[in-house]
Amino acid sequence: MGFLDIKNVTKSYGAVEVLHRVDISVQEGEFLVLVGPSGCGKSTLLNMIAGLEGISSGTISIDERVMNGVHPSKRNIAMVFQSYALYPNMTVGQNMTFGLEMHGVPKPEREAALKDVAKLLQIENLLDRKPGQLSGGQRQRVAMGRALVRQPDVFLFDEPLSNLDAKLRVDMRTEIKKLHDKLKTTIVYVTHDQIEAMTLSTRIAVMYQGYVQQLGTPKEIYDTPANVYVATFMGSPAMNVLPVRVVMRDGVPHAAVRAQDGAEQYLRFSQSNLAAWDGREILLGVRPEAITDPDGADRNSANIVPLSNRIGVTEPAGADTFVTMELGGRDVIARMRADANVVSGQDFTFAVNMEKAVAFDPASEERIAP
Amino acid sequence: MAVADQDTAVRTGLVTRVFIYGILLVFAAFYLLPLFVMLTNSLKPLPEITGGNMMALPDTWTFEPWRQAWSSAQIGVEPTGLKPYFMNSILMVVPAVAISTMIGALNGYVLTKWSFRGDKIIFGLLLFSCFIPFQIVLIPMASVLGKLGMAGSIPGLVLVHVVYGIGFSTLYYRNYYAVFPTELVRAAMIDGAGFFRIFWRILLPVSGPITVVCVIWQFTNIWNDFLFGASFGGQTQPMTVALNNLVQSSTGVKEYNVHFAGAILAALPTLLVYIVAGRYFVRGLMAGSVKG
Amino acid sequence: MAHLAKADFRTRLQEWLPKLVLSPSIAAMLVFVYGFILYTLYLSFTDSRMLPSYDWVGVENYVKLWGLRAWWTAVINLGIFAGLYITICTAIGLTLAILLDQKIRGEGTLRPIYLYPMALSFIVTGTAWKWIMDPGIGIEHTMHLWGWESFQFNWIKDREMAIYTVVIAAVWQTSGFVMSMFLAGLRGIDNEILKAAQIDGASNWSLYRRIVIPLLRPAFLSAFVILAHLAVKSYDLIIALTGGGPGRATELPATFMYSYTFTRNSMGIGAASAVIMLMTIAAIMTPYLYAELKEKK
Amino acid sequence: MRGYLGRKAAAIAALMATTSMAQAAEVEVLHWWTAGGEAAALNVLKEKLEGQGIGWVDMPVAGGGGEAAMTTLRARVTAGDPPTAVQMLGFDIQDWAAEGALGNLDAIASEEGWDAVVPAALQRFSKYDGHWIAAPVNVHSTNWVWANKAVLDELGIAQPTTWDEFIAAMETVKESGKTPLAHGGQAWQEATILDGVVLSVGGVDFYNKAFVELDPEALGSDRMKEVFDRMATLRGFVDDNFSGRDWNLASAMVINGEAAFQIMGDWAKGEFLNAGKVPGEDFLCFRVPGSDGAVSFNSDQFAMFGVSSDEAKDAQSTMAGDIMSPEFQIAFNTVKGSVPARTDVAKDDFDACGQKGMDDLAAANESGKLVGSIGHGHANRAAVKNAIYDVVTAHFNGEYDSATAVEELVNAVESAM
């Protein structure tokens, strides 16, 4: 029994079911991120937790209280919206204490709470301004302040950083993380940005087409994605997924794959259970950072395999250089050290860390190994 | 001053600008012509009107027609002028505008922020109701008012105007609120504000521009109405009916100067509303009502 | 909604409040608009004369109606009137809006001048217009006094031309309003689009023709709907200006309906003409409503 | 919110209804005599009633010769709240009586012997099914010609006595450059001319046959064509700027000497008197040449609507009695230009034209030459009247030639019946 329990929850509009049997149990103090592309149902789920949308079936409970049919204001939650939703006609101070006022909190207490939160967020000097006079980052802080003042059981964030510019976004991300570390309040956070999901969360639910594709810690999601969708959605650049044939060599399963010149090369798997797939096609998933120049290979790995191929495009990104090559008929990205000697059009021998490789069933696209 | 900052102007030479000002002034003259005719002739004694040029300024300036129209012209059997009817109009217009605007605002709020199945159809039906010709509702309306016991009274007139004003006021507010971020409503819900509190504290404070448009529209329509006033006004006939009585004497001397003075008097409140609130009008229209 | 039963009272109240708030309007609309429309429809099939009667006569009233010369005149007049009125109002409104948008000094004074006719009913301005149009005392007379002897403006006395004087007065009343709608539209256009177009080398003319005017489409649509319904409902205007004359040359369906219903004691025929008018309005409005309602969601 | 308001208003209305019933002694009068002398004339009645302890609640609605008032009346009756007394013309009274909406004035009528003093042609409208339902206020007659004496004298024209003389006189005026016939192009004004012209062409018999009995043969006859020919001739004597002109502006043309004649009802006299003109000296009044002896009339009457309480009935009948009283008839009609609706009133207070009008009325009443005006709804019901308007005004404006007008007239009358 978690603190926030989502049990068997579905959502339908008329005959169309847009959210299918979601089960998530969130412990107190957890930071759950719902991530997925637009239209995946993550905002709908958040709105259902908030009580802004009805629940078609199943239950949502907070602190063992079933919340179905309970008015949003009675759930003891607070929400930060994508557009911040600051009331344009009220000052910052009025915005932040509106909720307390609505809940009948006496003025002195409201003032005290406002003072504390304003100090925490360093927005004391903004309290008398109207939202229209604030910068994006300031609005964002005010929106968070408004949520904090309420001291809710659960914080809900609906893509709160998507309207900020890149640098501010990173700063605010850190700030939210700090805030969570300090306050230890349960947070449900919706985003389409997988980096936000990875950096902020204690657990991630990856959603797609109304299903929770995978629920797990960031590391679980990243290293052992449940299916091809999760694998390609999480991580940037995305995980390389290419069709390979399993062949047994020396009693060990290998992935047979054609390089650009058509020559077949063999990459040894670390997972022996793939022997069952001998002779059949599977999908091989390798993250870019697992294909490197030999010097950059992970020294702790027990299974580094060489791979010769012609270099396509090189993209220096400062810290690393990304190389695109053609492998198994797909474009595959490799991540080299910045000073690796790679030249477009030349042949090169890459080092593939097959310990980190993931295999998927080509039909169901579910993970079959590890 | 978002309006002034907008810049759809193109760069133009001096000749073009003179030309532009020329056209604008010609049209200004066109729009002012009837008012000019009414005003100058209301300040002339009667013989000067019947004998002279419509456009000419008065030789003898007189305010007598205005005084007569206001307080001593024959409207019914008694020479009361338009004065007593002015109050009838005010008593009718103020509540009718206030109520229809308020209902329109609430309707717009419900239709955009609390949408439910079938709300579009309801809005469509409401909108279509703006376009009903009033002549056809006269008889059935009379019968309904009679049954309600409200025939020939100001509450009856207010009811009629509210009923046929709701369509437009709902249209204005709906279009305005449609572009108002729904997230604000949701935030307020989570903050614990109820249906009316959200409306009162969150939406209404920012509804100024559209309220100006709606009030102007309703005020002029209701103030200028003659048909309902004559049919359902009873003892409390509005000013337009009185003006009509003044102007439309079937057999008798036509005192045109008094007629014109009366006409301007009857139009004064609406003119005032346009001049005072007119500059917010474009802004209000901008803020929603011309959106497809 | 199975869980609604468990919802607390306040939440349930909140669920119902919006519909509750809307319901008086819906009820009023159903009775006072659609009820009355149905009632009129019914009357159009009865032999009602001075007061409503309930003796069914089938489509007789419609047959009579379409056999009446005056009705045909009214319908044709409406065609001429509405066509010209809508076109000219839109043209003038758009022109004035564009000109007024050129950073004009005194815009604040000009705008209310253009707009004020909307504030006045024709009960107020009818006499003035009659005078202005009248060749004996109006513009023509004035021009003669000012020495332009050959000037002629006697349309209001001319059966063929009288309907055009009605157009002039109607345009006078509403073109300023249309202007403000277009002005609002112009002011709502994103500046960057215009800058982009100017960088692309668009001339002033093509800037407006190719970029600005197409962007004003919503304003055009709103203007059209408002003008169209005003045209169909035009009544005061005719009564004040021409009284339907000379002869019955400027009769419009609205005046026709009124006179048959109320002064000619032929309520059945009046109702039939009202039904036709409503159908016309519906034919104009339905596509607009459909587009309007389709758009969102 | 509205429901509450509605209930409250209903409660107040009910309250007011009961209190006003307790006072009872008041009459609500719907009329369209709203401005100038006629309204002041009506005030005489009001004061008289107030002297008898009966309050007057004024309900004036002007416009279109009573059209607006009739619309209001319909709304009031539909709402179940009719006024006590309503100014009404001709067949409207009969139509409302047929709807069963009117009260009964038999008591006061027999007490004061109305049957004997009111011309029979008027009783045709004041009585329904043998019962008095309305009190006539006046008799207007429409076949009058008003002429500027100075203009006629200057041009050496004598008062014309035959149609041909009339035409010749107008020819003379035309040659002098003045407008022979002042006229305002409104349907009812053209129909007013028609009254006189029909009488001049075919006399009372033809008038009755064609326009009262609506005999298709008479309507389609050659005589009718002659009527339209004469109308066309008259059109030729009207200036080009006539369309839409108010009748009183046409009168002003005669007063100012811009025009010589105007064919108009006797209400036009007020305009002349108001301009300080004296009948017989400055202006002449005579019957449309060729229609002498006949009088086409219209009569304003106060139709009494059904009221429930006895007090209200008493007040209503007192009002009817006051209307019919010679004092009021004189007071009102001297101002209005019309003549009293009873034939036994002293003529002393009336001017030359008024006295002639009274004589004509009495004579026509005797000889059966008193006919209801076509143009003012005293010959036929509204639908027919307006159908005739349509044809006459279309012809007058040159839309039809006389032959077509005759055809159209037959059709229009037939389809309006």
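1. Five pairs of chains touch, and the pair with the most contacts is chains B and C. Two residues count as in contact if their C-beta atoms, placed from the backbone, lie within 7 Å. This is a predicted model, in which local features need pLDDT of at least 70 and side-chain atom pairs count only at pLDDT 80 or more, while totals for chains, interfaces and linings use all residues. Residues are numbered from 1 along each chain as its sequence is written, and chains are lettered from A and ligands numbered from 1 in the order in which they are written.

2. Chain C brings 84 residues to its contact with chain B, and chain B brings 75 residues. On the chain C side, helix H1 (residues 9-43) gives the largest share, 16 residues. Helices here are DSSP runs of H or I with at least four residues, numbered from the N terminus.

3. By class, that side of chain C has 56 nonpolar, 19 polar and nine charged residues. Ala, Val, Leu, Ile, Met, Phe, Trp, Tyr, Cys and Pro count as nonpolar, Asp, Glu, Lys and Arg as charged, and the others, Gly among them, as polar.

4. Chain A and chain D do not touch; 25 Å lies between their nearest C-alpha atoms.

5. Chain D is assigned domain 1 (2-138 + 301-350) and domain 2 (141-297 + 357-416); such bounds come from an automatic or database domain assignment. Taken over C-alpha atoms, the centres of these two domains of chain D are 30 Å apart.

6. In chain D, 17 residues of domain 1 are in contact with 19 residues of domain 2. On the domain 1 side, helix H4 (90-98) and helix H7 (120-126) of chain D each supply at least two residues. H4(D) gives the largest share, four residues.
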